[in-house]
Amino acid sequence: LTEKLSRLVKEMRGQARITESNVQDMLREVRMALLEADVALPVVRDFIARVKEKALGQEVLSSLQPGQVLVSIVNAELAATMGEGVSDINLNAQPPAVILMAGLQGAGKTTTTAKLAKHLIEKRKKKVLTVSGDVYRPAAIEQLKTVTAQAGAEWFPSTPDQKPLDIARGALDYAKRHFFDVLLVDTAGRLAIDEALMREIQELHGALKPVETLFVVDAMQGQDAINTAKAFKEALPLTGIVLTKLDGDSRGGAALSVRQITGAPIKFAGVSEKLDGLEVFDAQRHAGRVLGMGDIVALVEQVTAGVDMEAAQRLAAKVKSGDGFDLNDFLGQIQQMKQMGGLSSLMDKLPSQLTAKAGQVDMDKAEREVRRKEGIICSMTAKERAKPELIKATRKKRIAMGAGVQVQEVNRLLKEFEQMQDMMKKMKGGGLMKMMKRMGG
Ligand code: GDP
Ligand code: MG
């Protein structure tokens with residue numbers, strides 16, 4: 001999130017509702033943030049349109065913190081676009097289950113092949129064979145041999161003078177005869193989209209009938225990711241994506257582009273050159289990265305700062321000094337606690353279920369309740385507020401009339417006040433601050 005965006009969110013805090021125009025302002029900033037994260041332009045456009053539709057929906061219009069809610073919508077929509085959750089490698093096939101690796105040269109296919117071999121051996125106790133169909137670069141076959149040994153899997157030999165299709169058939173036959181569970185097929189890299197090479201991998205796909213066809217893509221690929229993804233999607237029925245080099249400093253916007261274009265789930269993330277640098281992809285976490293996670297946290301902190309800590313401190317001091325806790329203090333407190341309560345539930349789950357949570361808290365209702373209570377206390381005289389024990393039947397009736405509520409509601413408020421007062425007596429000042437902090441998350 002850019003500085004400007006958080007400022008807009010802050011400004012919107014004071015506004016009762018989201019309007020078409022302030023949504024426009026904020027979405028412009030979200031758009032910038034996504035482009036900075038290298039999400040492809042058409043994907044950004046689509047995304048913004050979806051968010052806008054949701055933002056102008058009823059949920060946001062009636063919420064107490066429109067800026068907050070808009071940010072959480074953005075975050076949730078990002079996560080939803082990038083995936084629905086954890087999905088491991090599918091091995092539901094007559095063994096050997098074949099996994100075909102596809103992607104541009106340098107994307108990380110060979111490295112990922114070995115990482116997956118290690119993952120399948122260690123986590124899923126499989127017997128794994130690898131083979132390289134990259135006959136164009138002799139070093140590529142050697143590279144796979146080396147990393148396969150490191151992964152603890154078996155490597156099926158191939159040479160540059162063979163045809164990839166023959167290599168693949170030989171490996172498949174060998175895997176069957178030796179009861180391998182999985183055959184990982186590494187393929188030739190393409191520097192750019194190349195017709196002949198695309199045909200070659202299509203042939204491999206036809207012959208091998210892989211249960212997984214994984215598209216390996218470099219997270220640092222920028223706007224171009226969309227073209228690469230399109231070409232591979234048209235050539236092959238992709239079943240999953242591996243996003244590599246996420247240990248780099250890119251914001252990983254390619255994830256959004258590639259996922260949107262191919263529709264295939266992002267299954268894994270490469271997070272180092274080493275063979276244990278493979279993680280199950282976490283869309284929620286990645287959404288935070290694309291948007292600038294630290295900034296989201298900072299944003300929520302800004303809003304938290306909106307809670308009047310000074311007043312809370314004054315109140316704590318008062319209780320401590322034994323001045324007594326009256327209805328004026330109670331008024332200040334219910335206001336603050338409502339405010340913090342709403343916030344804390346948001347912060348609770350940040351970033352993972354920010355929106356889900358925000359949807360649960362009926363901020364509107366909470367606000368109405370605070371207003372009613374405020375109304376009741378404001379209908380009391382200064383003397384009554386300072387000395388609540390003065391409030392008997394006639395005064396109650398008068399207060400209720402003034403506030404436009406039933407007498408029972410006045411009673412309920414007084415009861416609540418007494419309970420609070422009791423608690424105050426027991427807790428003393430320090431405890432109060434602690435309690436309020438706890439409620440503030
Ligand atoms: P291929 O051409 O698609 O087979 O790509 P390689 O597997 O040979 O990888 C290309 C380069 O990227 C190598 O130097 C790898 O070490 C490196 N690499 C692959 N995956 C990752 C990753 O997740 N993180 C980092 N930092 N480097 C990676
Ligand atoms: Mg390679």
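Q: Which residues of helix 10 (residues 225-235) are buried in this predicted model?
A: A residue counts as buried if 20 or more other C-beta atoms lie within 10 Å of its own. In helix 10, Ala225, Ile226, Thr228, Ala229 and Phe232 are buried.

Q: Why do the buried residues of helix 10 line one face of the helix?
A: The view to take is down the helix axis. Seen that way, the buried residues of helix 10 fall within an arc of 160°, so they line one face.

Q: What do the buried residues of helix 10 pack against?
A: Their partners are helix 3 (41-55), strand 1 (97-102), strand 5 (212-218) and helix 11 (254-262).

Q: Which value does phi take at aspartate 38, and which at lysine 209?
A: Phi is positive at aspartate 38, near 75°, and positive at lysine 209, near 45°.

Q: Where is each of them, aspartate 38 and lysine 209, and is each buried or exposed?
A: Aspartate 38 lies in the loop between helix 2 (20-36) and helix 3; it is buried, with 22 other C-beta atoms within 10 Å. Lysine 209 lies in the loop between helix 9 (195-208) and strand 5; it is exposed, with 12 such atoms within 10 Å.

Q: How many residues surround ligand 1?
A: The shell has 17 residues, the closest being Gly108, Lys109, Thr110, Thr111 and Gly270. Helix 6 (residues 109-122) gives the most, with three residues. By class, the shell holds two nonpolar, 11 polar and four charged residues.

Technical notes
Residues numbered from 1 in each chain as written. Chains lettered and ligands numbered in written order. Predicted model: local features only at pLDDT ≥ 70, side-chain atom pairs only at ≥ 80, totals over all residues. Near = placed C-beta within 6 Å. Helix = DSSP H or I, 4+ residues; strand = E, 2+ residues; numbered from the N terminus. Nonpolar A, V, L, I, M, F, W, Y, C, P; charged D, E, K, R; others polar. Arc of directions from axis to C-beta. Contact = placed C-beta atoms within 7 Å.
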